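My notes follow in the order in which I checked things.

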Amino acid sequence: AVEEYGMLGIQPECSLGGYMGKRIVLTGGGTAGHVMPIIALLDELRKEGFELHFVGTEDGIEHSLMSRYDDVSYHAVSSGKFRRGLSFGNIKHNFVDVFNVLKGIKQAKRLIAEIKPDVVFSKGGYVSVPVVMAAKNKAHIVIHECDYTPGLANKIASRYADDICVSFEDTLDCFKGKGVYTGTPIRRELLSGDRSAGLEFLDFDGKKPILLIMGGSLGAKAINDAVTGAMDELVSRFDIVHICGKGKRKDALENIAGYRQIEFIADELKDVFACTDVMLTRAGANAVFEILSLAIPAILVPLPKEVSRGDQLKNAAYFARKGYSVEVEQRELDSKRLVDELTKLYDNRKKYIAAMTKADGADAVDRVMDVILKKKG
């Protein structure tokens with residue numbers, strides 16, 4: 001699973017000093033989106049002298065991602081998931097997972113008693129719920145909601161939280177009295193890319209604008225198929241780097257001039273961003289806030305509600321309403337629409353860049369750190 005997120009450019013970071021008497025328990029999991037904002041905070045947490053602990057599942061993506069950091073102690077607990085719908089399978093799995101959650105709460109209580117954290121920071125996902133419940137009245141509990149509307153795990157966890165950081169101003173209405181508008185923490189290394197290094201990595205000469213396509217790990221097929229059908233027209237306008245996802249390279253596209261398909265990108269991602277003129281991507285919260293921070297004009301193709309809870313649809317609609325990006329729903333995406341929208345996006349790119357540049361520029365990492373460091377009570 002780690003390889004699917006290698007495109008995110010995660011690298012181990014050195015410890016900045018010894019333990020200075022503060023402990024924080026970090027928790028979240030199920031997807032990389034529940035871990036990446038935590039990784040964005042690690043350097044600042046180190047600078048503040050926190051002893052770092054992470055609670056997740058034994059076999060989740062969070063374990064793979066956090067294992068790269070030697071100074072983060074990883075603790076595994078049991079977790080369950082609530083499945084919507086009244087099918088026999090859902091009812092069966094929900095029944096079993098009740099006991100998994102109860103086991104997780106017991107394990108989390110023992111961990112909280114042993115670690116005695118000053119702060120618990122939760123990024124969401126079902127594994128975070130037992131941890132937040134166990135820490136009630138024992139630590140300053142901060143949770144973070146990336147999406148426009150909160151997921152079920154954060155809805156439950158919000159009852160136990162002292163402060164709730166949100167990425168969208170409108171989401172404050174969901175957490176009246178506890179919400180704090182912070183934005184989403186973005187890894188600062190992504191803002192330090194070099195255009196020349198990106199062009200060299202991609203073997204592009206920079207004479208044509210660069211189109212970056214990121215299909216994501218879920219449902220990349222719809223985007224990949226639209227791109228394949230429009231390939232001739234697209235390469236006549238752009239040099240294209242297509243992060244297509246693990247196992248999704250197409251041999252038939254391998255030798256097309258001006259087109260690079262890469263399963264994932266690690267260290268070079270910041271440089272690829274630096275030379276990107278326009279993007280085509282999904283509308284996960286981390287992705288859209290990276291786009292905003294980098295001021296890259298983008299077409300957002302949110303995951304449809306049939307395969308998600310609809311959060312990407314709301315994220316994309318918000319960004320389109322703000323004038324930051326263009327939204328195209330997956331059911332409307334075909335090769336012709338793709339070419340038309342990308343052409344218009346590039347021609348009007350200055351308008352989108354200006355809107356993003358004028359957006360609230362306060363650093364979300366600093367904002368979230370302010371909430372973490374706030375004294376309880």
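**A loop threonine**

Leaving out residues up to four places away in sequence, I find that Thr171 touches Glu145, Asp147, Tyr148, Pro150 and Val166. I note that the model is a predicted one. I then looked up where Thr171 sits: it is in the loop that runs between strand E6 (163-166) and strand E7 (179-181).

**Helix H14**

I next went through H14, which spans residues 364-372. Its buried residues are Ala364, Val365, Val368, Met369, Val371 and Ile372. Why are they on the same side of H14? They cover an arc of only 155° around the axis, and therefore share one side of the helix.

**H1 against H14**

I looked up how helix H1 (residues 36-47) packs with H14: the angle is about 60° and the axes are 10 Å apart. The two helices are therefore oblique to each other; the class called roughly perpendicular begins at 65 degrees. The crossing of H1 past H14 is right-handed.

Which residues make the contact? From H1 I list Ala40, Leu41, Glu44 and Leu45. From H14 I list Val365, Val368, Met369 and Ile372. By type, the residues of this contact are seven nonpolar, one charged and no polar. I also note that Val365, Val368, Met369 and Ile372 of H14 are in my list of buried residues.

Terms used
Residues numbered from 1 in each chain as written. Predicted model: local features only at pLDDT ≥ 70, side-chain atom pairs only at ≥ 80, totals over all residues. Heavy atoms only, no water. Buried < 20%, exposed > 50% of the residue type's maximum accessible area, 1.4 Å probe, protein only. Helix = DSSP H or I, 4+ residues; strand = E, 2+ residues; numbered from the N terminus. Arc of directions from axis to C-beta. Axes fitted to C-alpha atoms, helices over the stretch in contact; angles between N-to-C directions. Parallel < 35°, antiparallel > 145°, perpendicular 65-115°, else oblique. Left-handed = near helix turned anticlockwise from the far one by under 90°. Contact = heavy atoms within 4.5 Å. Nonpolar A, V, L, I, M, F, W, Y, C, P; charged D, E, K, R; others polar.
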